[in-house]
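Trainee: Could you walk me through a few spots in this structure? I am new to it, so please go slowly.

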Amino acid sequence: MRTASLALLAFGLASAADDAPKPPAVDWAKAPNPAWVWGADTTKDYVLTKAFTPAGKVTAARVRVTCDNVFELHLNGTKVAGSAEWQSPVEVDVTKEVKAGENTLAATVRNQGGQAGFVLALAVVTDTGTEYVVSDGTWAAGAAKAKVVGKYGDAPWGKVFDGAAAQPKGKGKAPGEFKTLPGFKVEKLFAVPKDTLGSWVCLTADDKGRLIASDQGDKGLVRITPGKVGTDEPTKVEKIPAKITAAQGLLWHNGVLYVVCNGGPGSGLYRVTSSKKDDILDTVEKLKAINGGGEHGPHAVRLGPDGKSLYVVAGNFTKVPDGATSRVPPRQGEDHLLPRMWDAQGHARGILAPGGWVAKTDLDGKAWEVFSSGYRNAYDFAFNADGEMFVYDSDMEWDLGMPWYRPTRVTHTVSGGDYGWRSGSGVWPSHYPDSLPAMIDIGPGSPVGVEFGYGAKFPAKYQKALFICDWTFGTMYAVHTEPSGATYKATKEEFLSRTPLPLTDAVINPADGAMYFTIGGRGAQSELYRVTYTGKEPTDKAEYGDGRDADNRKARRRLEALHGATKDPGTAVFDHLGHEDRFVRYAARVALEHQLAGGLTGLPLSTRFDQAVGAALARVRQGGKGDGRLALHNLDTFDQAKLDERQQLDLLRAYQLVFTRGGEPDKATAAKLVAKLDPLFPDKSDAVNRELVQLLVYLKSSTVVAKTTKLLAEPSKPLTQAELAEVLARNAGYGGTIANMLKNTPDPQKLWYAFVLRNVADGWTLDQRKAYFGFLAEARTKSGGASYQGFLRNIENEAFANATDADRLAIEAAGLRKPFKPKELPKPLGPGREWTTADVVALEPKLQRGRDFKAGERAFAAARCVVCHRVGGDGGATGPDLTQVAGRFGVKDLAEALVEPSKVVSDQYKASVVRTVDEKSYVGKIVNDAGGKYTIVIDPEDSTKVVEVKKDDVSEVKPSNVSLMPEKLLNQLNEAEVLDMLAYMLSRGDPAHPMFKK
């Protein structure tokens, strides 16, 4: 392989020696497992330190270390390691750095979003044996102790130091060796000196056969003149003097370099030119600030098909540019029928639609228009020869195993398109008619560069291919598209790969017909490569356009021309709501929504199914309750049982939007719809069942719990993706986590049922609760992404919180959930007094302001109330949940309940006296009377203390007139404690309540 290089003297580089010493022999198998550690706040940077003193004379020392995301490790003040790729641990010989006496390890660690963790294992070989130092809770994080954030082996990191043992098994090339398609050749042109040129993440080609690349950090831009193909001519790399860096989008057009910065001088769109017209880029002009940064900020920029406009893509943490109009209809919403669950680890909490977006602007960056949205973190995109856009969007890898997980994917992106990303559990399934599906799913990974093969001296198939780069698994795919109606279908093919190969971008250089690509990112070592074709197939220029199905695309585009228009388009739009092509129907509905938002009225009803559904969606998305009632009336004319699967899904989604946008139906309407849908559940289609169960839970079906818990008990469907093995093997960190999941897969359909049923409070039997919580316990034994266990924990917690007070007690009594165990209860501050109801009521004027939330929480625990009662989701289950007490009781009622608990006892919370024929007596709460026996909780402070009595042995059951709540609980508290506790309860556990204002 030929390697060209920059003149090394220009950057003071030295070549590495070939005769490096052999690393010391270390038996890592005997090392204790390290822990993943950080400081108290995972969003902050820390210096983690640990001192150690070898017991004997040091003969060898070696350290293994990695960090999610960036670290530098110093040993006794000398830098020994650093990296920004946690999945590729660093292992170095540190024999020379370890000294006799005390040594100090110091790691500067930085997180770039999401989880944070640092892990290290040091082996010190002495004349008395081998000693090990590992990261754990004994380390310091600044002035405080380090926090253990995970065990070795935990997701998403897995057993990151185990190397090949941790990698999924798969066939392929050895590490470091390229795998390519026959006839293609990869050659390394340049190794980027990190200290001076950084780590390259973005490429573009200018009109003179040169490339321009950008560092992700602060090292600026470079211009690259590759050596001629087929020669040993060196590659020339020059610094560009323009003061701009951190570009994640580069575009050369008509002598101008357009740059999208993500950080650096400030996120936004810039124009870089030559002030003297002498080919030296030295002038920087900011065209538009874009509010976003980090790895989910603004990314690529492309020239529009008209040659007169620019398109910019941004990730889901980026706000739409100020003043932008939108082709996506107004009133874009989350549109979840049932409550969403935010990510279990807090990622993207509070981030709402539109999520990631693509926007169009002019060459001066003045007028902006959102073209499409609903992406998670799309990094790059490209237009085909027919002017159609294709976006490579990322997955949320922490969601692996959950029913809403969707893999990385390529979308055919059209005007007004909403591609369904919503945060947490809220991701829309691809069948929603108010969204659009992926053209092709790719699989787990990290999407980066995208480029069509136009201009490449490749065989025709690859000239027309869409090349997409996956950073995580070091794979470049060739995606082959084919027109299909008004959209496209596609197949994927691995074009090239290597282990490791952190791809960042690719570009076709029309001057020589070669593909150039870079690796690097996150501060990793960057390199430039060239791909040429040396095989025997012809490489003559192909016909890039594809006229097949052009009529459907033209019909779609005619409708897209009305996206944003305010005039009445006549009947053409309404007619196209019933078109057989989904993308045409979608374009028509978006056009109709813009018309409705602009004041169009008098929309007719329809007897054609697709037309009626499209009109209903448009009405409820842009209208109000009256539009919802009208839409529901039209939808009710169709018999769900006579529709095919796609139509059923569309109708069920339309019902959902009628309620999310138009409001909850009255009881008669709900009952009518339940009667219509109940007999259809369960269906043979998993997708239909997902939508049916949501609606039936929302509408309070009396049969949905029984039917759904029965489905939880059925055998799970196997979930295997054996074809992923080779791809996963290219990255031991991420790949190992996914491989482990595939060996022990959860059932996403059943998880969806459990997720939905968590909202049902009433109508459960104990056996159904057993089936539900038993399934969750089984699901916890499965493997998933980093948020998998957290989601399960939150599902269980919410299901328990939504249960009735009686059911919560029964659940704990049956051992389905561990009961609440308070920490050591605080002692009352006192001095106490003999409180009467009148005394407590007299305190009401002092409750208006100035109370102390924390003191109230403390008093609630000191009086032992927390042992039996919940406030804000925390507390025991043997008594009623007091979170909503302010909605039911005034101060007088609450005072009476606290001071005289037996005066008025609700039938719901009364204890029972159970007498047996042999004259035994039990006093407690009956939590179950099924199966011919009574289950009685006999200790109000411990739900696990139960007795079971056969009904045949019972002579009498009668209510007790004595409350299970002890008397005189307030008598140990002073006035301030009583006041703060009353405020705590009446505020429903809300520290922002006015009672706590000073």
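Mentor: Asp852 caps the N-terminal end of helix H19, with a side-chain oxygen lying 3.0 Å from the backbone nitrogen of Lys854. Before we go on, note that this is a predicted model, in which local features need pLDDT of at least 70 and side-chain atom pairs count only at pLDDT 80 or more, while totals for chains, interfaces and linings use all residues. Residues are numbered from 1 along each chain as its sequence is written, and side-chain values use heavy atoms, with hydrogens and water left out.

Trainee: Which residues of H19 are buried?

Mentor: In H19, residues 853-862, the buried ones are Phe853, Gly856, Ala859, Phe860, Ala861 and Ala862. Buried means under 20% relative accessible area, exposed means over 50%, and partly exposed lies in between (1.4 Å probe, protein chains only). Helices (H or I, at least four residues) and strands (E, at least two) are DSSP runs, numbered from the N terminus.

Trainee: And what covers those buried residues?

Mentor: The cover includes helix H20 (865-868), strand E40 (870-871) and H23.

Trainee: What about Phe996, where is that found?

Mentor: Phe996 is in the segment after helix H23 (975-986), and its relative accessible area of 10% makes it buried. Leaving aside neighbours within four places in sequence, Phe996 is in contact (heavy atoms within 4.5 Å) with residues including Arg851, Asp852 and Phe853.

Trainee: Switching topic, is Arg817 buried or exposed?

Mentor: Arg817 counts as buried, because its relative accessibility is 17%. Arg817 lies in the loop between helix H17 (805-813) and helix H18 (837-841).

Trainee: Which side chains does the Arg817 side chain make polar contacts with?

Mentor: One is the side chain of Glu796, at 3.0 Å, and another is that of Asn797, at 3.1 Å. A polar contact is a pair of N or O atoms within 3.5 Å; within protein, one must be able to donate a hydrogen and the other to accept it, and residues adjacent in sequence count only if both atoms are side-chain atoms.

Trainee: Last one: what is the strand order in the open sheet of five strands?

Mentor: The order is E13-E36-E35-E34-E33, with antiparallel pairing. Strand E13 (179-180) and strand E33 (447-452) stand at the edges with a single partner strand each, so one side of each has no neighbour in the sheet. E13 and strand E36 (residues 487-497) pair over two bridges, and two strands count as paired if DSSP finds at least two bridges between them.
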